[in-house]
Amino acid sequence: MAVIGIMSAMQEELAAVLAAMPDEQRVSVAGRDFWVGHWQGHSVVAVLSRIGKVAAATTATVLLERFGVSALVFTGVAGGLGSGVQVGDVVVADSFVQHDMDASPLFPRYEVPLYGRARFAADGVLSAQLIVATQQVLRDAERHLGSDTLAQFRLASPRVHHGLVISGDRFVATSAESQGLRLALPDALAVEMEGAAVAQVCHDYAVPFAAVRTISDRADDAAQTDFQRFIREVASRYSLAILSQWLNNRQA
Ligand code: SAH
(Lines give C-alpha, C1' and ligand atoms only; values in the text may rest on other atoms or scores of the structure.)
Protein backbone atom coordinates (compact mmCIF):
# COMPACT_ATOMS: atom_id res chain seq x y z
CA MET A 1 0.00 0.00 0.00
CA ALA A 2 1.28 3.47 -0.88
CA VAL A 3 2.57 5.38 2.14
CA ILE A 4 2.00 9.13 2.27
CA GLY A 5 4.49 11.33 4.12
CA ILE A 6 3.06 14.41 5.82
CA MET A 7 5.52 17.04 6.99
CA SER A 8 4.16 19.79 9.23
CA ALA A 9 6.22 22.90 9.85
CA MET A 10 4.47 23.71 13.09
CA GLN A 11 3.93 21.68 16.25
CA GLU A 12 0.29 22.80 16.36
CA GLU A 13 -0.31 21.46 12.84
CA LEU A 14 1.26 18.12 13.67
CA ALA A 15 -0.79 17.85 16.87
CA ALA A 16 -3.98 18.34 14.84
CA VAL A 17 -2.94 15.62 12.37
CA LEU A 18 -2.04 13.19 15.17
CA ALA A 19 -5.40 13.80 16.83
CA ALA A 20 -7.03 12.62 13.58
CA MET A 21 -4.91 9.42 13.34
CA PRO A 22 -6.45 6.63 15.42
CA ASP A 23 -3.45 4.31 15.65
CA GLU A 24 -0.18 6.26 15.36
CA GLN A 25 3.00 4.64 16.63
CA ARG A 26 6.12 6.67 17.36
CA VAL A 27 9.38 5.71 15.68
CA SER A 28 12.40 7.87 16.57
CA VAL A 29 15.09 8.38 13.95
CA ALA A 30 17.78 11.09 13.83
CA GLY A 31 16.37 12.78 16.90
CA ARG A 32 12.96 13.13 15.25
CA ASP A 33 9.67 11.47 16.14
CA PHE A 34 7.97 9.92 13.10
CA TRP A 35 4.32 8.91 13.62
CA VAL A 36 3.33 5.83 11.62
CA GLY A 37 -0.34 4.97 11.25
CA HIS A 38 -3.49 5.57 9.24
CA TRP A 39 -5.68 8.51 8.38
CA GLN A 40 -8.99 7.96 6.58
CA GLY A 41 -7.80 4.54 5.45
CA HIS A 42 -4.49 5.78 4.00
CA SER A 43 -1.12 4.66 5.32
CA VAL A 44 0.54 7.80 6.64
CA VAL A 45 3.79 8.85 8.30
CA ALA A 46 3.48 12.27 9.96
CA VAL A 47 6.42 14.27 11.27
CA LEU A 48 7.46 17.75 12.30
CA SER A 49 9.66 19.11 9.50
CA ARG A 50 11.82 21.25 11.80
CA ILE A 51 12.71 24.74 10.69
CA GLY A 52 15.26 25.65 8.02
CA LYS A 53 16.53 23.98 4.87
CA VAL A 54 19.01 21.49 6.30
CA ALA A 55 16.76 20.30 9.11
CA ALA A 56 13.81 19.84 6.73
CA ALA A 57 16.01 18.07 4.15
CA THR A 58 17.14 15.58 6.80
CA THR A 59 13.54 14.93 7.84
CA ALA A 60 12.52 14.39 4.21
CA THR A 61 15.44 12.04 3.56
CA VAL A 62 14.49 9.86 6.53
CA LEU A 63 10.86 9.75 5.32
CA LEU A 64 12.05 8.56 1.92
CA GLU A 65 14.83 6.18 2.97
CA ARG A 66 13.55 4.69 6.20
CA PHE A 67 9.78 4.86 5.72
CA GLY A 68 9.64 4.47 1.92
CA VAL A 69 6.97 7.13 1.42
CA SER A 70 5.76 7.29 -2.17
CA ALA A 71 4.41 10.86 -1.95
CA LEU A 72 5.25 13.74 0.34
CA VAL A 73 3.05 16.68 1.28
CA PHE A 74 4.27 19.65 3.31
CA THR A 75 2.03 22.03 5.23
CA GLY A 76 3.05 25.19 7.02
CA VAL A 77 2.88 28.95 6.99
CA ALA A 78 4.70 31.48 4.82
CA GLY A 79 5.13 35.17 4.23
CA GLY A 80 3.16 36.59 1.31
CA LEU A 81 5.22 38.35 -1.38
CA GLY A 82 3.04 38.46 -4.50
CA SER A 83 0.60 41.31 -4.82
CA GLY A 84 -2.79 40.05 -3.76
CA VAL A 85 -1.32 37.25 -1.63
CA GLN A 86 -2.88 38.20 1.68
CA VAL A 87 -2.77 36.93 5.24
CA GLY A 88 -5.22 34.03 5.46
CA ASP A 89 -4.80 33.08 1.78
CA VAL A 90 -3.27 29.74 0.87
CA VAL A 91 -0.45 29.13 -1.61
CA VAL A 92 -0.04 25.75 -3.30
CA ALA A 93 3.46 25.71 -4.77
CA ASP A 94 4.07 24.91 -8.42
CA SER A 95 7.85 25.37 -8.09
CA PHE A 96 10.55 26.35 -5.60
CA VAL A 97 13.78 28.40 -5.55
CA GLN A 98 16.36 28.77 -2.78
CA HIS A 99 16.51 32.55 -2.60
CA ASP A 100 19.74 32.47 -0.58
CA MET A 101 21.61 30.17 -3.02
CA ASP A 102 24.42 32.10 -4.70
CA ALA A 103 27.47 30.28 -6.09
CA SER A 104 28.15 33.03 -8.62
CA PRO A 105 30.31 33.57 -10.56
CA LEU A 106 30.85 29.81 -10.76
CA PHE A 107 27.15 29.18 -11.36
CA PRO A 108 24.29 31.54 -12.20
CA ARG A 109 22.61 33.18 -9.24
CA TYR A 110 20.06 30.81 -7.57
CA GLU A 111 21.26 27.78 -9.55
CA VAL A 112 21.91 24.78 -7.28
CA PRO A 113 25.43 23.68 -8.23
CA LEU A 114 25.63 20.46 -10.25
CA TYR A 115 21.86 20.28 -10.78
CA GLY A 116 21.87 22.70 -13.71
CA ARG A 117 18.75 24.38 -12.41
CA ALA A 118 17.49 26.91 -9.89
CA ARG A 119 13.84 25.82 -9.93
CA PHE A 120 12.46 22.54 -8.65
CA ALA A 121 8.90 21.70 -9.65
CA ALA A 122 6.16 20.45 -7.38
CA ASP A 123 4.29 17.39 -8.61
CA GLY A 124 1.51 18.53 -10.94
CA VAL A 125 -1.05 15.85 -10.05
CA LEU A 126 -0.61 16.14 -6.28
CA SER A 127 -0.69 19.93 -6.46
CA ALA A 128 -3.86 19.93 -8.56
CA GLN A 129 -5.53 17.66 -6.00
CA LEU A 130 -4.44 19.96 -3.17
CA ILE A 131 -5.76 23.03 -4.99
CA VAL A 132 -9.17 21.38 -5.28
CA ALA A 133 -9.13 20.42 -1.59
CA THR A 134 -8.03 23.94 -0.59
CA GLN A 135 -10.79 25.53 -2.64
CA GLN A 136 -13.33 23.29 -0.94
CA VAL A 137 -12.03 24.28 2.50
CA LEU A 138 -11.74 28.02 1.82
CA ARG A 139 -15.24 28.13 0.41
CA ASP A 140 -16.35 26.96 3.82
CA ALA A 141 -13.80 28.92 5.88
CA GLU A 142 -16.34 30.02 8.45
CA ARG A 143 -17.18 26.42 9.38
CA HIS A 144 -13.49 25.54 9.78
CA LEU A 145 -12.41 28.64 11.72
CA GLY A 146 -15.54 30.07 13.29
CA SER A 147 -16.93 33.53 12.56
CA ASP A 148 -15.09 35.17 15.50
CA THR A 149 -11.68 34.10 14.18
CA LEU A 150 -12.61 35.17 10.64
CA ALA A 151 -13.55 38.60 11.94
CA GLN A 152 -10.55 38.98 14.29
CA PHE A 153 -8.00 38.24 11.55
CA ARG A 154 -10.09 40.06 8.92
CA LEU A 155 -10.17 37.03 6.64
CA ALA A 156 -12.96 38.22 4.39
CA SER A 157 -12.63 35.97 1.35
CA PRO A 158 -9.52 33.79 1.52
CA ARG A 159 -8.13 32.69 -1.83
CA VAL A 160 -5.85 29.93 -3.12
CA HIS A 161 -2.83 30.90 -5.26
CA HIS A 162 -0.60 28.62 -7.34
CA GLY A 163 2.98 29.51 -8.23
CA LEU A 164 6.56 30.02 -7.12
CA VAL A 165 7.50 29.62 -3.45
CA ILE A 166 10.97 30.71 -2.38
CA SER A 167 12.91 29.34 0.58
CA GLY A 168 15.94 30.46 2.57
CA ASP A 169 17.42 30.27 6.03
CA ARG A 170 15.99 33.62 7.11
CA PHE A 171 12.70 34.68 8.65
CA VAL A 172 11.91 37.64 6.40
CA ALA A 173 10.48 40.33 8.64
CA THR A 174 11.39 43.69 7.11
CA SER A 175 9.78 45.53 4.22
CA ALA A 176 13.25 46.25 2.79
CA GLU A 177 14.10 42.57 2.55
CA SER A 178 10.77 41.47 1.13
CA GLN A 179 10.96 44.28 -1.42
CA GLY A 180 14.44 43.06 -2.40
CA LEU A 181 13.11 39.53 -2.90
CA ARG A 182 10.20 40.85 -4.98
CA LEU A 183 12.60 42.69 -7.27
CA ALA A 184 14.97 39.73 -7.59
CA LEU A 185 12.29 37.06 -8.07
CA PRO A 186 9.22 38.92 -9.36
CA ASP A 187 7.02 35.84 -9.75
CA ALA A 188 7.51 34.64 -6.16
CA LEU A 189 4.20 34.34 -4.34
CA ALA A 190 5.49 33.46 -0.88
CA VAL A 191 8.66 33.06 1.18
CA GLU A 192 9.38 30.39 3.78
CA MET A 193 12.31 28.36 5.10
CA GLU A 194 11.99 24.73 3.96
CA GLY A 195 10.08 24.03 0.73
CA ALA A 196 12.88 24.33 -1.84
CA ALA A 197 15.12 22.04 0.22
CA VAL A 198 12.47 19.32 0.46
CA ALA A 199 11.68 19.72 -3.25
CA GLN A 200 15.36 19.12 -4.04
CA VAL A 201 15.46 15.95 -1.92
CA CYS A 202 12.26 14.65 -3.57
CA HIS A 203 13.75 15.46 -6.98
CA ASP A 204 16.79 13.32 -6.08
CA TYR A 205 14.53 10.40 -5.14
CA ALA A 206 11.99 11.00 -7.95
CA VAL A 207 9.15 11.02 -5.41
CA PRO A 208 6.18 13.36 -5.94
CA PHE A 209 6.14 16.37 -3.63
CA ALA A 210 3.64 19.15 -3.00
CA ALA A 211 3.42 21.99 -0.51
CA VAL A 212 0.52 23.97 0.93
CA ARG A 213 1.30 27.17 2.84
CA THR A 214 -1.12 29.39 4.68
CA ILE A 215 0.01 33.02 4.51
CA SER A 216 0.72 34.14 8.09
CA ASP A 217 2.32 37.51 7.36
CA ARG A 218 3.43 39.77 4.52
CA ALA A 219 7.16 39.28 5.28
CA ASP A 220 7.35 42.91 6.33
CA ASP A 221 7.86 44.94 9.49
CA ALA A 222 4.60 43.60 10.94
CA ALA A 223 5.55 39.95 10.32
CA GLN A 224 5.75 38.98 13.99
CA THR A 225 2.28 40.18 14.94
CA ASP A 226 0.14 37.46 16.49
CA PHE A 227 2.21 34.77 14.80
CA GLN A 228 1.52 32.04 17.38
CA ARG A 229 -2.16 32.85 17.63
CA PHE A 230 -2.52 32.79 13.86
CA ILE A 231 -0.85 29.36 13.72
CA ARG A 232 -3.13 28.00 16.40
CA GLU A 233 -6.42 29.49 15.28
CA VAL A 234 -6.07 29.67 11.51
CA ALA A 235 -3.12 27.87 9.89
CA SER A 236 -3.28 24.59 11.79
CA ARG A 237 -7.03 24.37 11.23
CA TYR A 238 -6.63 25.03 7.50
CA SER A 239 -3.84 22.44 7.25
CA LEU A 240 -5.92 19.79 8.97
CA ALA A 241 -9.02 20.54 6.92
CA ILE A 242 -7.13 20.65 3.61
CA LEU A 243 -5.25 17.40 4.22
CA SER A 244 -8.40 15.69 5.43
CA GLN A 245 -10.38 16.89 2.40
CA TRP A 246 -7.56 15.81 0.09
CA LEU A 247 -7.41 12.28 1.55
CA ASN A 248 -11.17 12.08 1.40
CA ASN A 249 -11.20 13.10 -2.28
CA ARG A 250 -8.53 10.51 -3.11
CA GLN A 251 -10.69 7.77 -1.69
CA ALA A 252 -13.65 8.73 -3.82
N1 SAH B 1 9.92 34.08 14.72
C2 SAH B 1 8.99 33.01 14.58
C3 SAH B 1 9.73 31.85 14.06
C4 SAH B 1 8.89 31.05 13.17
S5 SAH B 1 9.89 30.22 12.10
C6 SAH B 1 8.28 32.73 15.88
O7 SAH B 1 7.92 33.65 16.54
O8 SAH B 1 8.05 31.58 16.23
C9 SAH B 1 9.09 30.55 10.67
C10 SAH B 1 8.35 29.40 10.10
O11 SAH B 1 7.29 29.93 9.34
C12 SAH B 1 9.18 28.60 9.15
O13 SAH B 1 8.69 27.28 9.10
C14 SAH B 1 8.97 29.31 7.82
O15 SAH B 1 8.93 28.38 6.76
C16 SAH B 1 7.61 30.02 7.96
N17 SAH B 1 7.51 31.44 7.66
C18 SAH B 1 6.39 32.16 7.89
N19 SAH B 1 6.56 33.45 7.55
C20 SAH B 1 7.83 33.56 7.09
C21 SAH B 1 8.60 34.68 6.64
N22 SAH B 1 8.10 35.91 6.60
N23 SAH B 1 9.88 34.43 6.28
C24 SAH B 1 10.39 33.19 6.35
N25 SAH B 1 9.71 32.12 6.78
C26 SAH B 1 8.43 32.28 7.16
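These legends walk you through close-up views of a predicted model. Local features were taken only where pLDDT is at least 70 and side-chain atom pairs only at pLDDT 80 or more, while totals for chains, interfaces and linings use all residues. Residues are numbered from 1 along each chain as its sequence is written, and side-chain values use heavy atoms, with hydrogens and water left out.

**View 1. The buried face of helix α1 (residues 11-20).**
Helices (H or I, at least four residues) and strands (E, at least two) are DSSP runs, numbered from the N terminus. In α1, the buried residues are Glu 13, Leu 14, Val 17 and Leu 18. Here buried means under 20% relative accessible area, exposed means over 50%, and partly exposed is in between (1.4 Å probe, protein chains only). Looking down the axis of α1, you will find these residues within an arc of 135°, so they line one face of the helix; the arc is that of the directions from the helix axis to the C-beta atoms. As a handy reminder, an α-helix has 3.6 residues a turn, so residues three or four places apart point the same way. The partners of the buried α1 residues are β1 (3-8), β3 (32-39), β4 (42-48), β5 (71-80) and α8 (227-251), with contact meaning heavy atoms within 4.5 Å.

**View 2. Helix α2 (residues 53-65) beside helix α7 (residues 195-205).**
The two axes come within 8 Å and cross at roughly 30°. Axes are lines fitted to C-alpha atoms, for helices over the stretch in contact, and angles run from 0 to 180 degrees between N-to-C directions. α2 and α7 are therefore roughly parallel (angles under 35 degrees count as roughly parallel, over 145 as roughly antiparallel, 65 to 115 as roughly perpendicular and the rest as oblique). From α2, the contact uses Lys 53, Ala 56, Ala 57, Ala 60, Thr 61, Leu 64 and Glu 65, and from α7 it uses Ala 197, Val 198, Val 201, Cys 202 and Tyr 205. Nine of these residues are nonpolar, one is polar and two are charged. In this grouping, Ala, Val, Leu, Ile, Met, Phe, Trp, Tyr, Cys and Pro count as nonpolar, Asp, Glu, Lys and Arg as charged, and the others, Gly among them, as polar.

**View 3. Helix α7 and the residue that follows.**
Eight of the eleven residues of α7 are buried, so this helix is largely enclosed by the rest of the structure. Among the buried ones are Gly 195, Gln 200 and Cys 202. Next comes Ala 206, in the loop between α7 and β10 (209-217). Ala 206 has a positive phi of about 50° although it is not a glycine, and it is exposed, with a relative accessible area of 69%.

**View 4. Helix α3 (residues 124-139) against α8.**
These helices pack at an angle of about 120°, with their axes 8 Å apart. That makes α3 oblique to α8. Residues of the contact include Leu 126, Leu 130 and Val 137 of α3, along with Tyr 238, Ile 242 and Trp 246 of α8. The contact as a whole divides into ten nonpolar, five polar and one charged.

Most residues other than glycine have a negative phi, and most peptide bonds are trans.
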